[in-house]
Amino acid sequence: MEAESDIILFRKKVLGQLSNDETKAFEQRFETDMEFQKSYHEYKDLFEVISVAEKQELKNHLKTLSEPSAKKYRYWLPIAATILFLVGAFWMYRFNAQPQGLYETYFDTYPNVIAPSTRGSEPLNVLEKAYRSYDSGAFEAAALEFEKHLENQANSEVSFYHAMALLNSGRLGEAKTILESLPKDDSDFAFTDETQWYLALIYLKLENTEQAKGVLLHLETEGNGFKADEIKSLLSELD
Amino acid sequence: MVKNEALLQERLREGDKKALGQLYSAYKAAFLAYFQERVAVGMDTEDLYQDSVIAVYQNYVLNQLQLKKGSIKTYLFAVGKNKLAAKFNASKAYVKEDFLLSQPHIEMDEDQMPMEQQLLLKEFKQLGEKCREMLRLHYYRGLTDKEIVAKTGYKDENTIKSYRSRCLKKLKEAIHGSGK
């Protein structure tokens, strides 16, 4: 494996940060030292490929932040508002009486943004299978496969999808236990807001309105924008 | 507007995904309003916005960007204009030198990569999550093994090194296998 000093050089080179002198030295070595040349190509390839993979993953992540509010609801909003207005009083009464009804209204399946299935390639391990089952809507199978994977290694993101698979299978209690165990505020965990959002919905379904409100209020002020519109309207319905 | 921009920038350099979400929602409305007026009807400005935010974010993570002047918003809009200009093959970018992204890889897309890299990408995505993360921290984030130990809680630097070698080996074997 390469020396740490070479890695620093490779890093600077791929980022275009070598000084003139460093560039000269780099090129000289590159031409004479085959091992150095090979190591650099490997570093550069992996750097570029992982940058693209990261870019694709970030794009999926941003899409989940914006889709429900911006596109899907744009044309339906006026119609929905009219209907809500017409039957407002009746619904308000029902919602207040049955907060669990809001669960069905607001619940949607969280998309797989971790490992979108690549068509045609055979799944290699149980985790790949789990995500594939999840993608195809086979949530019971996905739940089992996620659980199997987690027996060997704990991971918050995988646990989140395990909970999502359970939730989509109607196993709210188990999903709740998992979601409650996930980090509330950790920059390394990608789904903190998502976790809290689904917990709030579960609390509503379990008629624990106050707890749901607490979570939603926290999300409204501290959240990163995930489901921001839904959080606002859900809070107003709960008031 | 973002209340504490210095803090947000610090978190972006750290690769904080929540900071990315904050950045994304903070300027979305303003960006879309600005660009919708300036592009042809039917162009997906939301897509342009997402790509611009990602380019900004990756530049913070990879280059540990420190803005010498101007705000994140100015920078983000400049990136958007650059992307738009590139899209229409405009002869010159609208943007001042300070703002130009000097890293061509950021603009790289899967369909522009040579076949070997596309294969590498495919096999990388098939790796287990832990291997992907291990390679990501080293090759993409550019963290030293010492920093990776601190971040992941693995035993020591040697463990990291040997784990990474195993992941690389796995990746190479997979490529070798599918190349046949």
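The largest nonpolar core holds 63 residues. Those with the most contacts inside this core are A:Ala165, A:Ala200, B:Val53 and B:Tyr57. Its largest share, ten residues, is contributed by H3(B). The model is a predicted one. In soluble globular proteins, nonpolar side chains tend to be buried together.

With neighbours within four places in sequence left aside, A:Ala165 contacts A:Tyr134, A:Phe139, A:Ala142, A:Ala143 and A:Phe146.

In chain B, helix H2 (residues 17-36) packs on helix H3 (residues 45-63). Their axes are 9 Å apart, at an angle of about 135°. H2(B) and H3(B) are therefore oblique to each other. The crossing of H2(B) past H3(B) is right-handed. H2(B) supplies B:Leu20, B:Leu23, B:Tyr24, B:Lys28, B:Phe31, B:Leu32, B:Phe35 and B:Gln36 to the contact. From H3(B) come B:Thr45, B:Glu46, B:Leu48, B:Tyr49, B:Val53 and B:Tyr57. Ten residues of this contact are nonpolar, two are polar and two are charged.

In chain A, the axes of helix H9 (residues 156-168) and helix H10 (residues 172-181) come within 8 Å. They cross at roughly 160°, so H9(A) and H10(A) are roughly antiparallel. H9(A) passes H10(A) in a left-handed crossing. On the H9(A) side, the contact involves A:Ser159, A:His162, A:Ala163, A:Leu166 and A:Leu167. These meet A:Leu172, A:Glu174, A:Ala175, A:Ile178 and A:Leu179 of H10(A). By class, the contact of H9(A) with H10(A) comprises seven nonpolar, two polar and one charged residue.

How values were computed. Residues are numbered from 1 along each chain as its sequence is written. Chains are lettered from A and ligands numbered from 1 in the order in which they are written. This is a predicted model: local features need pLDDT of at least 70, side-chain atom pairs count only at pLDDT 80 or more; totals for chains, interfaces and linings use all residues. Axes are lines fitted to C-alpha atoms, for helices over the stretch in contact, and angles run from 0 to 180 degrees between N-to-C directions. Helices (H or I, at least four residues) and strands (E, at least two) are DSSP runs, numbered from the N terminus. Angles under 35 degrees count as roughly parallel, over 145 as roughly antiparallel, 65 to 115 as roughly perpendicular and the rest as oblique. A crossing is left-handed if the near helix is turned anticlockwise from the far one by less than a right angle, and right-handed if clockwise. Two residues are in contact if their C-beta atoms, placed from the backbone, lie within 7 Å. Ala, Val, Leu, Ile, Met, Phe, Trp, Tyr, Cys and Pro count as nonpolar, Asp, Glu, Lys and Arg as charged, and the others, Gly among them, as polar. A nonpolar core is a set of buried Ala, Val, Leu, Ile, Met, Phe, Trp, Tyr and Cys residues joined through C-beta atoms within 7 Å. A residue is buried if 20 or more other C-beta atoms lie within 10 Å of its own, exposed if 12 or fewer, and partly exposed in between; C-beta atoms are placed from the backbone.
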